[in-house]
Amino acid sequence: MTTETTIRDRIRKVLAHKLELHIENAAFIEIGRLDEIFGMDSIAVIEFVIGLEQEFGITIPSENLDIEILKDVKKLEAYLRRELNDKVI
Amino acid sequence: MNYKDKGASTIPDIFRHTVSQYPERTAIIDGGKYVCYRELLSVEQRLVRHLVEDHRVLAGQKIALFLPNSMEFILSFLAVAEIGGVAVPLNIGLKEHELLYYIDKCDITAVITFRSLLSRWGTIPLQEKVIFIFADTWENSSGHIWSSHISDGLIKISPPRPSDAEVVYLGTSGSTGKPRIVSRTHANVIAGAENVGRALEVTDEDRFLSITPFFHANGFSNCMFLPIMYGATVVLMRQFSPRQALSLLKEKNITVIVGSPFIYSTLADIGDEPLNLPSVRLCLSTGASMPQDLRKSFFEKFGVKLAQLYGSSEAGTISIELEDQTIEGSVGTPLARVQLKIIDDKNLELPPSQIGEIIVRSPAMMQGYVGEPELCMEIFCHGYFRTGDLGMIDGRGTLYLSGRKKKFINASGIKVDPVEIETVLLSFQKIKEARVVGVYNRRGMEILKAVLVAQKDCTLQEVVGYCRNRLADFKVPRIIEFRDRLPQNILGKVPGNELTEAQSLE
């Protein structure tokens with residue numbers, strides 16, 4: 001069962017492995033918006049999306065995706081949860 | 001190309017020559033829109049009339065193009081060149097303070113942009129300085145410029161501009177905290193595109209995938225003007241996305257890609273299956289040195305070899321690695337009409353196989369930096385441009401890069417001046433000391449890291465927020481590390497290598 005905690009932890013892992021953003025687990029729980037902790041330029045967004053796709057085994061249509069989803073941790077968690085559930089179904 | 005026989009020496013001449021040679025050839029593919037060269041000229045003429053009659057754009061004026069890679073960008077450039085103005089392509093990621101710098105430095109009188117990008121200009125009261133011309137409403141009382149019922153009778157621009165008149169200003173990083181602006185004439189732009197076109201044997205049957213932004217010197221010349229000069233097709237990408245790029249490569253029969261190691265590494269990264277790209281004949285990589293692993297993984301996936309292109313905003317394209325056999329560290333042989341020397345610290349030429357600074361001279365070379373004539377002594381040496389790169393030439397004339405003298409960080413293909421970032425960081429009152437360095441990520445590409453000595457209550461969020469309000473996002477350091485003090489060597493200087501090592505977690 002995929003829980004919110006593990007999704008968040010896996011996002012943190014993607015940030016560390018793909019974007020070199022090493023954030024303590026405790027500190028990451030407090031973070032609401034990713035664009036508050038680094039400059040989410042277009043290159044970072046592409047790397048982040050590729051990292052999420054590889055980590056979660058999903059396809060993210062980044063051309064049509066609302067960029068707010070990638071910036072807001074809660075929205076991103078909800079989006080990933082939905083995608084993972086759809087995948088299971 | 002036989003444009004010289006026809007007396008073509010300016011960008012409008014070249015454009016007309018292309019139209020006369022290939023009127024029905026598709027010039028631009030922008031999403032679902034296809035425009036042939038004959039139509040492109042027709043619309044460009046209506047735009048010239050619109051800019052001159054409705055917006056009073058005059059010869060000699062500096063016109064900013066604040067647009068993504070788009071049909072509107074290409075039309076604006078061609079129209080401004082025809083009027084005799086100077087186009088100033090600007091990175092649409094720049095923030096208001098950065099934009100204001102360009103407005104003042106380049107003496108910009110008008111900005112061509114989309115309404116959706118207007119918010120990027122923030123609260124700066126620009127109305128007194130510049131006029132905004134909205135490309136999404138290029139229309140007057142007679143209708144939109146795309147409507148054929150508007151007269152496309154050409155306005156006589158008098159007097160015609162000479163080939164040595166400035167036609168474009170391109171931004172590049174400096175080393176003193178402020179960007180520098182490169183000035184190119186009609187002749188420079190034409191010579192640069194022709195040099196590359198000949199080396200690559202470009203024809204009207206080629207289709208270029210224009211991934212590299214047109215505000216970048218390489219994108220401007222090799223992704224935009226070069227295909228137009230040869231009657232080839234420009235397939236536009238307004239914003240890079242690897243999956244969309246792969247679709248275009250397959251669906252639009254792309255033959256040439258001009259990208260960066262970052263672009264190629266993301267293409268190699270998505271999807272697991274090898275992919276056949278039968279139409280692609282050239283994949284040029286520029287902006288940063290290419291990791292060897294990437295060459296291998298890209299070839300394994302697509303069966304196409306990546307070729308390194310070496311150049312600079314100031315000198316244009318210098319060399320292209322076109323040999324079948326890849327030699328590690330090589331950036332190929334210099335293009336025709338590019339003269340190249342390696343010099344030592346006393347400006348004396350070095351023999352083959354000795355490492356020194358690379359200096360170049362070519363007809364594509366810039367005239368100088370806008371508003372900084374005093375820099376000529378520093379940047380030119382006996383009429384050659386000092387690239388600031390270190391390298392050597394072997395006995396066969398192959399050029400190798402080994403490092404750089406100039407202090408800048410190559411953030412995924414865009415040069416960033418660390419002093420500019422440090423100046424912004426130090427203007428934040430909670431930061432006492434700041435150093436910005438480049439560190440290599442897992443893709444083998446440079447990213448920005450800031451090491452700060454700050455007040456105890458200074459947070460990461462505050463620093464990022466402060467930077468984001470003042471710097472384009474690509475200049476905001478990816479890694480921000482707080483330390484109690486910066487390390488110093490015996491001379492009191494901060495050694496860069498001690499800053500690149502992580503002190504943080506993991």
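How many aromatic pairs are there over all chains? I looked this up in a predicted model, and the count comes to ten.

**Entry: a Phe–Phe pair between helices.** I began with B:Phe77 and B:Phe220, which pair edge-to-face, with 4.9 Å centre to centre and 85° between the planes.

**Entry: a pair within one helix.** Next I took B:Phe298 and B:Phe302, a tilted pair at 4.6 Å centre to centre with 45° between the planes. Both lie in helix α9 (residues 292-302) of chain B, four residues apart, about one turn of the helix. I found B:Phe298 and B:Phe302 buried as well.

Entry: Looking for charges over rings, I found the charged end of B:Arg180 over the ring of B:Tyr369, 5.1 Å from its centre. The charged end of B:Arg470 sits over the ring of B:Tyr466, 3.7 Å from the ring centre.

**Entry: the core.** Back to B:Phe77: along with B:Leu425, this residue has the most contacts inside the largest nonpolar core, which has 133 residues. Helix α3 (residues 71-83) of chain B gives the most to this core, ten residues. Apart from it I found another core of 31 residues, including A:Ile46 and B:Leu267.

Technical notes. Residues are numbered from 1 along each chain as its sequence is written. Chains are lettered from A and ligands numbered from 1 in the order in which they are written. This is a predicted model: local features need pLDDT of at least 70, side-chain atom pairs count only at pLDDT 80 or more; totals for chains, interfaces and linings use all residues. Side-chain values use heavy atoms; hydrogens and water are left out. A nonpolar core is a set of buried Ala, Val, Leu, Ile, Met, Phe, Trp, Tyr and Cys residues joined through side-chain atoms within 4.5 Å. Buried means under 20% relative accessible area, exposed over 50%, partly exposed in between (1.4 Å probe, protein chains only). Helices (H or I, at least four residues) and strands (E, at least two) are DSSP runs, numbered from the N terminus. Rings of Phe, Tyr and Trp (its six-membered ring) pair if their centres lie within 6.5 Å; planes under 30 degrees apart count as stacked, over 60 as edge-to-face and the rest as tilted. A charge sits over a ring if NZ of Lys or CZ of Arg is within 6 Å of the ring centre and within 35 degrees of the ring normal.
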